[in-house]
Amino acid sequence: VIELWKSMFGPNTHIKSTSIISYSHRDNEFFDLYRDTIKRFKSKFNLEDYDIMFIPGSGTVGVESVISTLNCNVEVVGTNGVFKTRWEHMVEGHDKTGTDIKLYCHLETSNSSLNNFSGNIADCISSFPYYDIPKTTDVFITCANKQLGSFPGLSIVGVKRNAWEFFNKTSKISYLNLYRYYEYGLKNQTPTTAPTHLFKHLNDLLREFDICKLRERIENISRLLVETIGHSNVIGEKNSPVITVNKEVIPIELANKYQLYGINTNSENYQFFTYSCNEKLYKKFCKELCQY
């Protein structure tokens with residue numbers, strides 16, 4: 001009998017919460033929580049030069065909010081991959097194709113390729129905070145889940161104060177309008193019903209978050225996986241929040257047992273998110289792989 005596991009090496013497979021919410025998003029308690037979360041986030045990651053907006057939704061929603069609010073055209077650059085293609089289609093859909101500014105995936109997750117460019121817009125959804133936000137970045141997008149370890153559903157957008165010139169500063173009613181989130185943020189609110197439990201959970205995590213421990217953990221697990229699977233069988237970065245390998249490298253019985261990330265898709269690869277699980281589980285998988 002094969003013991004079935006959930007997809008334990010995917011992103012956000014292990015999340016705990018004891019948060020109790022007894023106030024609404026229009027109460028003073030939430031305003032204090034919002035203010036404290038912004039302050040803690042900036043301080044923790046040295047992002048004082050940025051205005052920070054929280055947008056309910058995934059990191060993808062944050063990227064679309066940025067693209068849709070731009071007052072100029074954008075060129076998507078960097079390594080070819082699933083997310084570069086996604087942002088190209090999104091730019092086309094908003095009729096913003098051009099070369100005025102550049103948008104790139106800091107870590108193209110689909111093939112674990114690290115891209116570094118100077119300035120403009122960086123999709124840091126999968127790279128942050130293992131990789132710092134590049135210092136010349138005008139606008140970045142990340143999320144509360146992934147490496148930060150909070151619940152999915154909260155996108156985080158940072159805009160340098162002198163970079164608002166790239167955006168339409170209008171309060172028109174649109175829930176993709178980034179500037180509306182900025183304006184509401186000045187009152188420690190969001191224009192939509194805020195997911196108060198997500199803010200609370202993120203704030204609690206940030207209070208104890210240790211970036212050095214995260215980086216050490218990712219590097220240790222990356223090393224374990226790469227040494228077991230073989231350097232030549234790993235696609236892209238070898239020390240990374242996401243280790244990518246060709247499906248042919250992993251026996252299908254083992255892939256099914258662990259429900260590896262990618263097994264239920266048309267992707268040619270499996271992926272191991274190196275921050276999601278207890279290190280013992282990665283070791284258990286590697287031990288079983290060595291027995292084949």
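User: OK, so helices (H or I, at least four residues) and strands (E, at least two) are DSSP runs, numbered from the N terminus. With that in hand, where is Thr 274 found?

Analyst: In the loop between β11 (269-273) and α8 (279-290). Keep in mind that this is a predicted model.

User: Is Thr 274 buried or exposed?

Analyst: Buried: the relative accessible area of Thr 274 is 0%, and buried means under 20%.

User: And what lies 2.7 Å from a polar atom of the Thr 274 side chain?

Analyst: That's the backbone oxygen of Ser 240.

User: Which residues is Thr 274 in contact with, leaving aside neighbours within four places in sequence?

Analyst: Ser 240 shows up again, along with Pro 241, Val 242 and Ile 243. The list also includes Arg 217, Ile 218, Ile 221, Ser 222 and Leu 225, plus Tyr 282.

User: Let's do the sheet. What is the order of its three strands?

Analyst: It goes β9-β10-β11, in an open sheet with antiparallel pairing. At the edges sit β9 (234-235) and β11, each pairing on one side only.

User: How many bridges are there between β9 and β10?

Analyst: Two, in the antiparallel sense, with β10 covering residues 242-246. Across that pairing, Ile 235 stands opposite Thr 244 in β10.

User: Which helix lies across β9, β10 and β11?

Analyst: Helix α6 (residues 211-229), and it runs at about 15° to β10.

User: Which residues make the contact?

Analyst: From α6 you have Arg 217, Asn 220, Ile 221, Leu 224, Leu 225, Thr 228 and Ile 229. From α8 they are Glu 279, Tyr 282, Lys 283, Phe 285, Cys 286, Leu 289 and Cys 290.

User: Changing topic: how many salt bridges does a search of the whole structure find?

Analyst: Nine. Arg 35 with Asp 32 is one of them, the closest N and O atoms being 2.9 Å apart.

User: Where do Arg 35 and Asp 32 lie?

Analyst: Both are in helix α1 (residues 28-45), three residues apart, so about one turn of the helix. Arg 35 is at 43% relative accessibility and counts as partly exposed; Asp 32 is at 43% as well, also partly exposed.

User: What about Arg 161, which residue does it form a salt bridge with?

Analyst: Asp 51, where the closest N and O atoms are 3.4 Å apart. This pair links distant parts of the chain, 110 residues apart: Arg 161 is in the loop between β8 (154-160) and α4 (178-185), and Asp 51 is in strand β1 (residues 50-56).

User: Is Asp 51 buried or exposed?

Analyst: Asp 51 counts as buried, at 11% relative accessibility. Arg 161 is at 45% and counts as partly exposed.

User: Last one: where do Arg 207 and Asp 204 lie?

Analyst: In helix α5 (residues 196-208), three residues apart, about one turn of the helix. Arg 207 is partly exposed at 39%, and Asp 204 is partly exposed at 25%. Salt bridges with shared partners join Lys 200, Asp 204 and Arg 207 into one network.

Terms used. Residues are numbered from 1 along each chain as its sequence is written. This is a predicted model: local features need pLDDT of at least 70, side-chain atom pairs count only at pLDDT 80 or more; totals for chains, interfaces and linings use all residues. Side-chain values use heavy atoms; hydrogens and water are left out. Buried means under 20% relative accessible area, exposed over 50%, partly exposed in between (1.4 Å probe, protein chains only). A polar contact is a pair of N or O atoms within 3.5 Å; within protein, one must be able to donate a hydrogen and the other to accept it, and residues adjacent in sequence count only if both atoms are side-chain atoms. Contact means heavy atoms within 4.5 Å. Two strands pair if DSSP finds at least two bridges between them. Axes are lines fitted to C-alpha atoms, for helices over the stretch in contact, and angles run from 0 to 180 degrees between N-to-C directions. A salt bridge is a side-chain nitrogen of Lys or Arg within 4 Å of a carboxyl oxygen of Asp or Glu.
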